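Biologist: I am new to this structure and would like to go through some of its side chains. Could you take my questions one by one?

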Amino acid sequence: MHHAPRPCSVAIGLGSHDLGVATVAAQAYLDGLVPVIVFSGATSPTTKGRFPQGEAVAYREHALSLGVPDHAVLVEPTATNTGQNITQSRAILEAADISVSSVLLVCKPYEQRRAYATALKLWPEVEFVCTSAPMELTEYVNSIGDVRIIIDMMIGALQRIMIYPAQGFMADVPVPPNVKAAYERLVQAGFTSRLAVTG
């Protein structure tokens, strides 16, 4: 999204297999950009082996190990999709009586557009600033160590960007023709394990 990180009311770290999300959110707190972090996420087929205690809980433990104090981290441990990450984090913040006018939305690099479009749809009165680990694709693949899962998840994210606006799940995001063509090639090549069921 090419958003420049700036001070926000809160950071929301979207749960996934990537512990780098928690690192980026923790650094935002340590840099004084946010006074509180919400980590949101249960487990998924991708993460149950890596984070058996849940994504949000694992993220919290990682942030604490990096020096973020306990009082600055809230946990939303039940969300299983991006929409729930947003709506249930919002509920956690409201329950804690934390006023929110802006959110630093922290996610995997290739999830920024999907996360942003979902947040705009579900919490339109708040300003969202997207951020992630500043990595090129090759560097990111090396940091995760599994190119197959990354391509599968990128394809799944792009499919949702294309189909979810019509279902009311996110704001519309234009997809350039060359990106659609690449998507079709990769689907034909079998990168389909993260596709949403349609029809």
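Biologist: Is Arg-60 buried, partly exposed or exposed?
Modeller: The model is a predicted one. In it, Arg-60 has a relative accessible area of 24%. Buried would need a value under 20%, and exposed one over 50%. Because 24% lies in between, Arg-60 is partly exposed.

Biologist: Which residue forms a salt bridge with Arg-60?
Modeller: Side chains of opposite charge can pair when their charged atoms come close. For Arg-60, the closest N and O atoms of the pair are 2.0 Å apart. The pair links distant parts of the chain, with Arg-60 in helix H2 and its partner in the loop between helix H2 (55–65) and strand E3 (73–76). That partner is Asp-70.

Biologist: What is the relative accessibility of Asp-70?
Modeller: Asp-70 counts as partly exposed. Its value must therefore fall between the cut-offs of 20% and 50%. For Asp-70 it is 46%.

Biologist: How many residues apart are Asp-152 and Arg-148?
Modeller: Asp-152 and Arg-148 form a salt bridge, with the closest N and O atoms 3.5 Å apart. Both belong to helix H6 (residues 147–167), where about one helical turn separates them.

Biologist: Are Glu-111 and Arg-114 buried or exposed?
Modeller: Glu-111 and Arg-114 form a salt bridge, their closest N and O atoms being 3.7 Å apart. As for accessibility, both Glu-111 and Arg-114 are buried.

Biologist: How many salt bridges does a search of the whole structure find?
Modeller: The pairs above are among them, including Glu-111 with Arg-114. There is also a network of salt bridges that links Arg-90, Glu-94 and Glu-125. The search of the whole structure finds 7.

Biologist: With which side chain does the side chain of Ser-16 make a polar contact?
Modeller: Ser-16 lies in the loop between strand E1 (10–14) and helix H1 (20–30), and at 4% relative accessible area it is buried. Its side chain reaches the backbone nitrogen of Asp-18 at 3.0 Å. Beyond its neighbours within four places in sequence, Ser-16 is in contact with residues including Val-21, Phe-51 and Lys-108. The polar contact between side chains, at 3.0 Å, is with Tyr-59.

Notes. Residues numbered from 1 in each chain as written. Predicted model: local features only at pLDDT ≥ 70, side-chain atom pairs only at ≥ 80, totals over all residues. Heavy atoms only, no water. Helix = DSSP H or I, 4+ residues; strand = E, 2+ residues; numbered from the N terminus. Buried < 20%, exposed > 50% of the residue type's maximum accessible area, 1.4 Å probe, protein only. Polar contact = N/O pair within 3.5 Å; in protein donor to acceptor, adjacent residues only side chain to side chain. Contact = heavy atoms within 4.5 Å. Salt bridge = Lys/Arg side-chain N within 4 Å of Asp/Glu carboxyl O.
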